[in-house]
Amino acid sequence: MKMVIALIRPEQLPAVKRALFDVQIRHLTATNTLGTAPKSEQVKYRGIEREVSLFQRVRVEVAVSDAMVEAAIGAISAGAKEVGGWGRIFVIDLHESVTIWTGERGPKTL
């Protein structure tokens with residue numbers, strides 16, 4: 001089992017979600033977060049020039065079986081490319097998964 005984590009821009013979320021649903025990945029978690037970028041931006045807020053170095057991002061997490069990792073990466077990439085193409089994808093090992101209600105463990109919980 002693997003955990004696929006993607007950091008994307010908020011406007012990319014609908015396309016990424018749709019692409020994941022298209023490959024039969026229907027369980028995901030999306031969290032609003034802040035992240036840095038290679039360059040900060042100068043913006044004017046109430047007439048004062050400010051430097052912005054933290055930008056709004058969405059962290060999408062999907063737990064998948066080993067066989068579905070490439071499908072998840074492909075779907076996230078395709079969805080993100082529809083709206084600008086910015087983002088990062090990380091894949092980490094998922095050692096255990098437990099369904100709280102039933103106590104089931106392992107890949108069948110995904």
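A residue counts as partly exposed when its relative accessible area lies between the buried limit, under 20%, and the exposed limit, over 50%. Arginine 59, at 32% relative accessibility, is therefore partly exposed. The views below all come from a predicted model.

**View 1. Four strands make an open sheet.**
The strand order is β2-β3-β1-β4, and the pairing is antiparallel. β2 and β4 stand at the edges. Each has a single partner strand, so one side of each is left without a neighbour in the sheet. From one strand to the next, the twist averages 20°. Strands of a sheet pair through backbone hydrogen bonds, either parallel or antiparallel.

**View 2. β2 and β3 are joined by 13 bridges.**
The two strands run antiparallel. β2 covers residues 29–45, and β3 covers residues 48–64. Two bridge pairs can be picked out here. Threonine 36 has leucine 54 of β3 as its bridge partner. Alanine 30 is partnered by valine 60 of β3. At the hairpin of β2 and β3, two residues sit between the strands. Arginine 46 takes a positive phi there, near 55°. Most residues other than glycine have a negative phi.

**View 3. β1 pairs with β3 and also with β4.**
Seven bridges link β1 to β3 in the antiparallel sense. How much of β1 is covered? Five of its seven residues are buried, so the strand is mostly covered; buried here means under 20% relative accessible area.

**View 4. Helices α1 and α2 cross.**
Their axes come within 7 Å and cross at roughly 145°. The crossing is right-handed. On the α1 side, the contact is made by Ala15, Val16, Arg18, Ala19 and Leu20. On the α2 side, it is made by Ala72, Ala75, Ile76, Gly79, Ala80 and Glu82. What kinds of residue make up this contact? Eight are nonpolar, one is polar and two are charged. Two packed helices are described by the angle between their axes and the distance between the axes.

**View 5. A salt bridge joins arginine 18 to glutamate 82.**
The N to O distance is 3.5 Å. Arginine 18 belongs to helix α1 (residues 13–22), and glutamate 82 to helix α2 (residues 69–82). The pair links distant parts of the chain, 64 residues apart. Both residues also take part in the contact between α1 and α2. Arginine 18 is partly exposed, at 45% relative accessibility. Is glutamate 82 buried or exposed? It counts as exposed, at 54%.

**View 6. A salt bridge joins aspartate 93 to lysine 2.**
The closest N and O atoms are 2.4 Å apart. Aspartate 93 is in strand β4 (residues 88–93), while lysine 2 is in strand β1 (residues 2–8). They are 91 residues apart, so this pair too links distant parts of the chain. Aspartate 93 is partly exposed, at 49% relative accessibility. Lysine 2 is partly exposed as well, with a relative accessible area of 23%. Side chains of opposite charge can pair when their charged atoms come close.

**View 7. A salt bridge joins arginine 59 to glutamate 61.**
The N to O distance is 2.6 Å. Arginine 59 is partly exposed, at 32% relative accessibility. Glutamate 61 is partly exposed too, with a relative accessible area of 24%.

**View 8. Glutamine 24 has a positive phi.**
The angle is near 65°, in a residue other than glycine. Where does glutamine 24 lie? It lies in the loop between α1 and β2. Glutamine 24 is exposed, with a relative accessible area of 56%.

Methods: Residues are numbered from 1 along each chain as its sequence is written. This is a predicted model: local features need pLDDT of at least 70, side-chain atom pairs count only at pLDDT 80 or more; totals for chains, interfaces and linings use all residues. Side-chain values use heavy atoms; hydrogens and water are left out. A salt bridge is a side-chain nitrogen of Lys or Arg within 4 Å of a carboxyl oxygen of Asp or Glu. Buried means under 20% relative accessible area, exposed over 50%, partly exposed in between (1.4 Å probe, protein chains only). Two strands pair if DSSP finds at least two bridges between them. Axes are lines fitted to C-alpha atoms, for helices over the stretch in contact, and angles run from 0 to 180 degrees between N-to-C directions. A crossing is left-handed if the near helix is turned anticlockwise from the far one by less than a right angle, and right-handed if clockwise. Contact means heavy atoms within 4.5 Å. Ala, Val, Leu, Ile, Met, Phe, Trp, Tyr, Cys and Pro count as nonpolar, Asp, Glu, Lys and Arg as charged, and the others, Gly among them, as polar.
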